[in-house]
Each structure stands twice: as C-alpha cells, then as structure tokens.
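Morning, everyone. Let's walk through one structure together, starting from the inside. Please have a look at the screen.

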Amino acid sequence: MTGDNALRFGLVGTSGHASRVAAPALRQSPDAVVLGAVGSRPERSADFAARHELPRVYGSLDDMLGDPDVDAVWICSPNALHAAHVARCAAAGKHILAEKPLATTGRDAAAAIGAARGAGVTLRVGYQHRFRPVHVRLLDLVRAGAVGDIGLFRIHRFWRYPYYDDQDPSGPPSWRRSAAESGGWAINDLGSHLIDLMLWLSGLEASLIGAALASQRFAVETEDTAALLLALGGQGIGIVETSAASASPGSRVEIYGSAGWIRADDTFTGAATLETSAAGDATFPAPAAHAPYAALIADFVRAVRGQRGVGATGEEGAANVAIVEAACARPVWRRSGA
Ligand SMILES: NC(=O)c1ccc[n+]([C@@H]2O[C@H](COP(=O)([O-])OP(=O)(O)OC[C@H]3O[C@@H](n4cnc5c(N)ncnc54)[C@H](OP(=O)(O)O)[C@@H]3O)[C@@H](O)[C@H]2O)c1
C-alpha cells in the first residue's frame with residue numbers, strides 16, 4: 001500500500017534496467033510511486049507507460065523535469081550521460097538516484113556532486129548490493145573488529161554475458177562497447193559494485209596500483225574482464241576480479257587481517273555462506289529478486305527526508321569513478337584476431 005507521503009519518481013530510461021528493475025521496484029514500494037519515464041525517443045515514453053501502467057507520458061526530459069509532481073528522478077541512462085542528467089535534474093530541483101557509475105570521469109563526477117549540492121537536492125548512487133543482508137553482516141563484523149587491520153581484501157564476481165534471455169549473446173549494446181560512452185564495460189557493469197563493496201566494507205580510502213583489462217571473448221573496444229590491484233588505507237592490499245567472459249563457480253569476498261579472517265561465498269546471488277575465524281559461520285537465504293532494490297529505494301526516500309542512511313553518496317560514487325577511470329587509462333589486452 002503506497003502512502004500519501006510517497007516520493008513521486010520519474011525515470012530516465014525506458015528499457016534495460018529502467019524496465020527490468022526500476023519501474024517494477026518502484027511500483028512495489030510503499031515509499032514511492034512512479035509517474036512516467038523518458039528514453040532516447042518520445043514514443044518510448046508512451047510504450048513504457050503502457051507496459052508498466054504508469055499515469056504520465058512525457059515528450060522529453062525537460063517535459064518530465066517541468067512536472068511539479070515529480071519529486072525525484074532515477075537515472076538509468078548510459079553511463080556517460082549520467083553527469084549531465086544529474087545536472088539537469090538538480091537544476092529542476094529534483095532529488096536524484098543516479099545509477100552506477102555516477103559518471104565516467106572524475107571531472108564529470110565532481111560536476112554532478114557540485115550540481116546537486118548547489119541545488120540542495122539529495123544525490124545517491126544505485127549500489128543496491130549494500131542492502132543484501134550478508135553484506136550488512138560483513139559490515140558489522142568488520143566494524144566490530146573481527147579482522148582487525150585489513151591486510152588483504154579480495155572480491156571476485158564473474159557473470160558470463162548475456163545475463164538475461166533478452167540480451168544479445170554476441171555482446172552488449174553499442175554504448176557499452178564504446179569507451180567514451182561507457183567508461184569501461186565489465187569494470188563498470190560488474191566491477192563498480194565490487195569496488196563499492198570493498199570501499200564501503202573496509203571503510204578505507206583506496207587508490208589504484210595496477211590493473212589488467214582484457215577483451216577475452218567479445219570483440220569490444222572496452223573490456224570484458226578486469227583485475228585491479230588497490231592500495232587500501234596505506235597498509236592493506238585490495239584485489240578486484242570481474243569478468244563477463246569467463247566461467248566461475250561463484251562470487252567470493254575474502255578479508256584477511258591482523259585479528260582474523262572472513263570468507264563469504266555467493267553473496268550476490270542465491271543463498272550465501274559466511275565463514276569467519278572467530279565469529280562463527282552462517283548461511284543467508286537468497287533475498288527476493290527485488291529486495292535489495294526495495295531497500296535502496298527506502299533508504300533513498302529516508303535520505304530525501306533528511307535521515308541518515310547507508311546508500312552511496314555522490315562522494316562515494318566519485319571515489320569509485322576515480323578507481324575505474326585510472327584502471328581504464330591502461331591498454332586493453334585483445335584476444336587474437338579481435
Ligand atoms: N544497479 C545495477 O545493478 C544496474 C544493473 C543494470 C544497469 N545499471 C545501470 O543502468 C544504466 C543503464 O543500463 P542498461 O543496462 O539499462 O542499458 P540499456 O538497456 O542500454 O538502456 C539504456 C537506457 O538509456 C536510455 N537512453 C539512451 N539515451 C538516452 C538519452 N539521451 N536520454 C534519455 N535516455 C536515454 C535508453 O532509452 P531507450 O529505451 O529509449 O533506448 C535506455 O532505456 C547504466 O548506467 C547501468 O550501469 C545498473
């Protein structure tokens with residue numbers, strides 16, 4: 001049941017994440033309603049409204065931003081458009097949930113943060129994996145000192161493309177193949193979440209020491225596989241491994257420190273298992289598919305209402321962008337013949 005005080009959303013994006021996740025999650029939320037969406041062409045707004053039973057059709061982004069009933073916008077456009085869309089939403093006084101990555105360059109990320117701050121609107125970035133119960137448990141353990149000073153933090157997640165039946169098996173959409181439009185494919189599609197979890201769980205600042213990016217299975221200008229080496233807080237080592245090309249038995253988070261260790265498997269999908277050196281072991285049932293997004297929306301609404309939450313801020317989004325941008329400055333290894 002949606003309350004009278006629900007936050008009223010418009011969406012940027014009329015396919016992909018906007019259609020698969022954002023609109024259904026908003027429609028199920030007791031904290032929010034979704035009024036309509038805009039995509040790359042005006043007719044997409046009407047199609048989208050019909051498919052998702054939304055009350056309004058907008059001719060353009062300006063049209064949607066001019067609607068005084070729209071309180072907030074969830075931006076699900078291609079990565080390189082996020083910062084400009086944040087700026088336009090902020091100028092219209094709308095609160096902003098920007099999909100990850102916040103931007104494709106540090107300069108754009110800073111501009112997005114400045115635009116939101118200048119307009120006095122809330123800006124959060126769509127890192128929904130923070131809200132998975134097993135990740136919340138990892139945060140509690142790290143904060144409680146279960147590992148002590150972090151010596152090595154490794155996070156691994158592969159997801160062979162296509163992720164969904166409606167995606168083209170020959171590779172991602174053209175914007176994800178373009179370095180300029182995506183700022184990196186797998187590293188931003190999957191890796192951005194891993195970097196966010198590493199920074200959030202460790203509570204440490206991170207900088208890039210090394211990176212290997214490769215296009216191993218897909219003939220893309222960007223990469224389908226990435227391994228990053230990070231300096232974590234001056235003493236720790238961070239390792240991020242992601243791929244849309246290779247098979248893997250499952251995801252894994254490993255944190256080793258001066259006082260103990262934590263190892264967690266399959267924390268992004270299905271049932272998760274957690275082993276620790278001193279705080280016991282645990283299993284976590286798979287949350288419902290939209291549960292992390294429901295929590296993301298609820299947290300965003302609380303942030304708009306001035307309450308503290310755990311959703312990623314613009315500054316946290318910018319720290320993530322800095323790492324990805326530094327990694328993507330390196331050459332991409334190409335499969336032979338690509
Ligand atoms: N949090 C997560 O786990 C998660 C998961 C998936 C994606 N995402 C993020 O969501 C964003 C979109 O990814 P996707 O997979 O949904 O890509 P996609 O399937 O290619 O969809 C891109 C969307 O952007 C719209 N668009 C393109 N140009 C536009 C413009 N100039 N103005 C307004 N809308 C425009 C497209 O509209 P049309 O439909 O009209 O072409 C389309 O709806 C990315 O930033 C991605 O990182 C996040």
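We begin with the largest nonpolar core, which has 101 residues. Within this core, F9, L11, V86, I96, M198 and A327 touch the most other members. The biggest contribution comes from helix 9, residues 186-202, with nine residues. The core also draws at least three residues from each of domain 1 (7-128) and domain 2 (129-289 + 311-334).

Some ground rules. This is a predicted model: local features need pLDDT of at least 70, side-chain atom pairs count only at pLDDT 80 or more, and totals for chains, interfaces and linings use all residues. Residues are numbered from 1 along each chain as its sequence is written.

Now the terms. A nonpolar core is a set of buried Ala, Val, Leu, Ile, Met, Phe, Trp, Tyr and Cys residues joined through C-beta atoms within 7 Å. Buried means 20 or more other C-beta atoms within 10 Å of the residue's own, exposed means 12 or fewer, and partly exposed is in between; C-beta atoms are placed from the backbone. Helices (H or I, at least four residues) and strands (E, at least two) are DSSP runs, numbered from the N terminus. Contact means C-beta atoms, placed from the backbone, within 7 Å.

Take V86. This residue sits in helix 4, residues 82-91. Why does V86 count as buried? Because V86 has 32 C-beta neighbours inside 10 Å. Leaving aside neighbours within four places in sequence, its contacts include I75, I96, A112 and L123. I96 touches V86 too, and others including A72, C89 and V121, not counting residues up to four places away in sequence.

Next, a helix pair. The axes of helix 5 (residues 106-119) and helix 11 (residues 314-328) come within 9 Å and cross at roughly 170°. Axes here are lines fitted to C-alpha atoms, for helices over the stretch in contact, and angles run from 0 to 180 degrees between N-to-C directions. The two helices are therefore roughly antiparallel, a label for angles over 145 degrees.

Last, the domains. Their bounds come from an automatic or database domain assignment. The centres of domain 1 and domain 2, over C-alpha atoms, are 25 Å apart. Their contact takes 20 residues from domain 1 and 25 residues from domain 2. On the domain 1 side, the largest share is six residues, from helix 5.

Terms used:
Two residues are in contact if their C-beta atoms, placed from the backbone, lie within 7 Å. Angles under 35 degrees count as roughly parallel, over 145 as roughly antiparallel, 65 to 115 as roughly perpendicular and the rest as oblique.
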